[in-house]
Amino acid sequence: MKTKHFSLYSFGLLIAAGLFSFLGNPSIVQAQSIVLTNANIVNGVTDEVLSNASILIENGKIKTISTAGIAPPAGAQVYDLNGKYVMPGMIDAHVHLGDLAAAKRALISGVTTVRSMGVAHFMDVGMRELAKSGKLDMPEVLAAGYHVRLRPADELFMDHPELSDWIGQDVKGEEAMKKMADVMASHQVDWIKTNATARAGLPQTDPREPYYNTSEMKALVDAGAQNSIPVAAHAHGDEGGRAAVEGGVRSIEHGTYLSKETLELMAEKGTYLVPTIAVVNDLTMPGGDYDQPLLMIRGRHMLPRVREMARNAHRAGVKIVAATDTGYGAESTLRLGQELEELVGIGMSNLEVIQAATSRAAELLQIDDHTGRIAEGLDADLLITERNPLDNVKAVYDPLMIINNGKVVVNRLSW
Amino acid sequence: MNKINIVFCFIMLCCSAGLMAQTRVVPAPAQEKPMLLRGATIHVGNGTVIENGVIAFNNGKIMAVGEDGRTALPRMAFEEMDVSGKHIYPGLVLVGSNLGLAEVSSVNATLDQSEQGEFNPNVRSIVAYNTDSELIPTFRYNGILLAQSTPSGGTISGSSTVVQLDAWNWEDAAYHTDDAVHMSWPQKEIGARWWLGETEGRRNPNYDGIVQEVDDLFSDAKAYSALQNKDAVNLKLEAMQGLFDRSKALFIHSNDAKSIVSAVKMARKHGVDRIVINGGYEALLIKDFIKNEGIPVVLGDIHGLPRRDHEDTVFPYKMAKEFYDAGIEIIISGGSGYAARNMPFYAGTAVAHGLPYEEAIKAMTATPAKALGIGDRAGTLEKGKDAMIIVVEGDLLDMRSSNLEHAFISGRKIQLDARQQWLYKKYSEKYGHDTNKK
């Protein structure tokens with residue numbers, strides 16, 4: 001009797017200990033050590049390629065980088081990269097992942113971090129936690145919950161029936177913005193996503209139509225700042241976009257019709273631009289994420305404008321970050337590589353483009369303390385390519401190996 | 001004078017017949033005696049392998065397959081063949097070939113694979129199939145016993161037929177008549193016209209129009225099927241009917257991901273059940289879509305170069321494994337043209353790049369047979385199926401060791417010696433390099 005009691009007790013203790021360690025250490029990382037040898041390292045920050053380098057990965061982190069060789073610890077898995085290129089896993093700063101299969105699809109395309117920019121039911125918050133659990137192969141997720149916009153998604157009212165007064169009404173005014181920011185913060189989002197102008201991806205809206213003025217934007221930004229949550233503003237038209245910039249948002253998404261003046265203001269204030277040019281190209285083409293005749297026509301006049309705007313932004317010194325704006329759906333053909341090609345097309349150097357998908361993006365997302373670069377002590381989020389992405393950014397289309405938090409999720413090296 | 005002439009002609013005829021006999025392949029007569037092959041490793045075609053196997057067949061049908069000593073054999077006077085140490089595979093099935101329709105690609109007079117016009121579902125490749133094609137023996141020599149003789153050109157190219165490669169005429173060759181309708185979906189994007197100084201591709205201006213026409217054809221065909229009393233037969237619409245009752249498959253020839261999605265959705269909208277993607281270079285981008293739709297993909301260019309400059313040189317070698325990992329059925333094909341005889345070696349390359357060996361065999365036997373609607377008769381070595389069997393010394397997928405020794409089409413032991421072997425012998429004599437191979 002006594003022994004049984006004891007065993008039950010110790011069993012309970014074990015469970016408690018297990019639970020505790022799980023909660024106390026949210027990211028369960030890979031226990032196995034990995035050594036990559038004969039690597040050419042593109043660190044995501046500088047133009048220099050570190051040749052003949054070895055990388056030791058332990059507990060999901062980059063422990064050592066050396067050109068003098070690394071003696072593999074006992075039990076370590078060694079991969080000879082044979083001169084292949086190692087760059088930081090890419091960051092897609094604007095996605096709409098709807099399920100875990102989509103998250104996996106993003107990961108195996110070389111994206112190890114995503115910023116969710118609007119989904120229903122705070123799915124992205126759950127995804128973030130699942131990613132942290134380490135039990136699923138998926139990118140690190142930064143969540144934003146719902147779009148803060150004139151007419152929020154119906155699902156928001158299902159999650160928050162107490163907001164029913166807003167149904168059928170425009171969510172406008174400083175008070176409403178504060179309240180929306182608080183609702184989002186109550187779900188522990190990492191970002192607030194707002195629509196400063198109407199959408200481009202719906203045939204009945206005009207993307208140039210402004211939704212909010214500067215004081216409303218400022219109210220939202222200030223309310224977010226109370227909980228240290230930055231704001232990203234979807235904006236196509238210049239008036240809405242300018243209000244967002246003046247209101248102090250951290251990034252402008254799309255920015256299709258932004259004037260040079262607004263871009264100069266962005267450069268001055270340090271506002272980031274996420275132009276998502278490739279998705280506008282997708283608008284113009286049949287199939288893919290958008291397949292609607294009116295949107296094709298719209299896309300055809302938007303595409304040259306968004307390219308021109310991004311070119312102006314780059315010249316004005318605005319910090320540009322790469323993103324797809326895709327859901328990585330089963331029928332989606334949009335991948336981050338297409339955006340990198342677009343960014344090269346607007347005159348950015350290959351290095352700037354790689355930064356836009358790695359270190360620069362991490363800076364925008366305020367996660368540069370643990371990812372977005374290849375450096376000792378950072379997360380082992382790595383993308384291994386056949387050729388040097390600094391010579392041609394298209395190299396990222398063909399990931400030979402992907403390491404996510406120290407775990408090998410794609411390995412085609414041996415073929 | 002007249003008499004001399006006749007005698008002369010007769011002698012000449014005899015001489016030429018004697019010469020021809022060395023290169024001409026005579027179709028084998030029907031199987032006379034029950035056959036038993038003993039001792040080989042049998043690759044069934046569905047993934048299973050039988051070591052020290054035995055296979056019996058009579059009247060063109062397989063009677064028993066299994067491990068020697070553990071398999072019940074019917075009591076018959078078998079002609080037994082010891083094939084120990086060798087490998088037995090099902091006869092390979094070649095998908096998307098223009099065999100018998102095109103002889104020498106540069107000689108127009110030998111080409112009969114495409115028809116005028118854009119929409120020709122009623123065009124039947126089988127009536128153009130040339131059983132005397134010199135290419136046929138070269139295909140058989142590498143293990144291909146069944147081939148889909150496929151029309152091309154236009155948007156709806158026509159209906160293909162599966163032929164067996166040992167026949168006097170096209171009627172005998174037809175193994176499964178009108179197995180599929182072939183559709184080439186228009187390209188959404190057209191490449192840059194460099195001769196006009198263009199650097200970027202553009203949208204195909206005719207895309208919407210062509211898609212609308214295809215859609216209309218399917219709608220009309222569907223409506224036609226509902227007609228009770230047809231005043232007049234419409235051959236085009238009649239030829240489409242098999243798509244709706246599953247008797248024909250729809251082969252979509254496209255490499256572009258968005259086009260594949262559009263084509264599949266269009267076909268599904270009209271109730272087409274059996275769909276096969278031929279090409280599918282970009283299909284890896286939408287593998288979840290293809291998997292959910294349950295569509296097999298034909299890989300016809302494994303030894304080709306990558307199409308995009310950012311891809312690894314060996315990317316086409318790796319595609320089969322990628323599809324397999326994604327849970328998509330793959331069909332390995334030698335593609336259109338004479339080089340299709342190298343199909344087993346293409347499969348060998350896919351194996352060298354990660355595809356499991358038996359999956360590669362399956363991708364040339366069971367999977368294509370199923371896709372072509374002959375899965376109940378061919379594609380695997382199972383009791384009751386047609387005896388389509390090849391016996392190989394060495395590894396069928398390795399061009400260094402593969403040596404096909406015997407081949408049976410519906411139990412008929414076919415002649416393997418043909419023009420290429422004859423030429424090989426001729427020049428072996430000249431240069432003295434005969435390696436005792438056939």
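This passage describes the interface between chain A and chain B, then selected contacts within chain A. The model is predicted.

The interface between the two chains draws 26 residues from chain B and 25 residues from chain A. About 2,200 Å² is buried between them. Carbon and sulfur atoms give 53% of that area. On the chain B side, B:Arg203, B:Lys258 and B:His310 stand out. Together they supply 28% of the area that chain B buries against chain A, more than any other three residues.

Five salt bridges link chain B and chain A. In one salt bridge between the chains, the side chain of A:Arg412 meets that of B:Glu322, at 2.4 Å from N to O. Three helices of chain B each supply at least two residues of the side that touches chain A: H6 (257–269), H7 (287–293) and H8 (315–325). H8(B) gives the most, with five residues. By class, the side of chain B that touches chain A divides into 15 charged, eight nonpolar and three polar residues.

Over all chains, the salt bridges number 44. A:Asp170 and A:Arg151 form a salt bridge through their side chains, at 2.9 Å from N to O. This pair links distant parts of chain A, 19 residues apart. A:Asp170 lies in the loop between helix H4 (154–159) and helix H5 (174–186). A:Arg151 lies in the loop between strand S9 (147–148) and H4.

Helix packing was examined in chain A. Helix H9 (residues 277–284) packs against helix H11 (residues 336–345) of chain A at an angle of about 105°. Their axes are 8 Å apart. The angle falls within the range of 65 to 115 degrees, so H9(A) is roughly perpendicular to H11(A). H9(A) contributes A:Ile277, A:Ala278 and A:Asn281 to the contact. These meet A:Gln338, A:Glu339, A:Glu342 and A:Leu343 in H11(A). By class, this contact has three nonpolar, two polar and two charged residues.

Terms used. Residues numbered from 1 in each chain as written. Chains lettered and ligands numbered in written order. Predicted model: local features only at pLDDT ≥ 70, side-chain atom pairs only at ≥ 80, totals over all residues. Heavy atoms only, no water. Axes fitted to C-alpha atoms, helices over the stretch in contact; angles between N-to-C directions. Helix = DSSP H or I, 4+ residues; strand = E, 2+ residues; numbered from the N terminus. Parallel < 35°, antiparallel > 145°, perpendicular 65-115°, else oblique. Contact = heavy atoms within 4.5 Å. Nonpolar A, V, L, I, M, F, W, Y, C, P; charged D, E, K, R; others polar. Buried area = accessible area lost by both parts, 1.4 Å probe. Salt bridge = Lys/Arg side-chain N within 4 Å of Asp/Glu carboxyl O.
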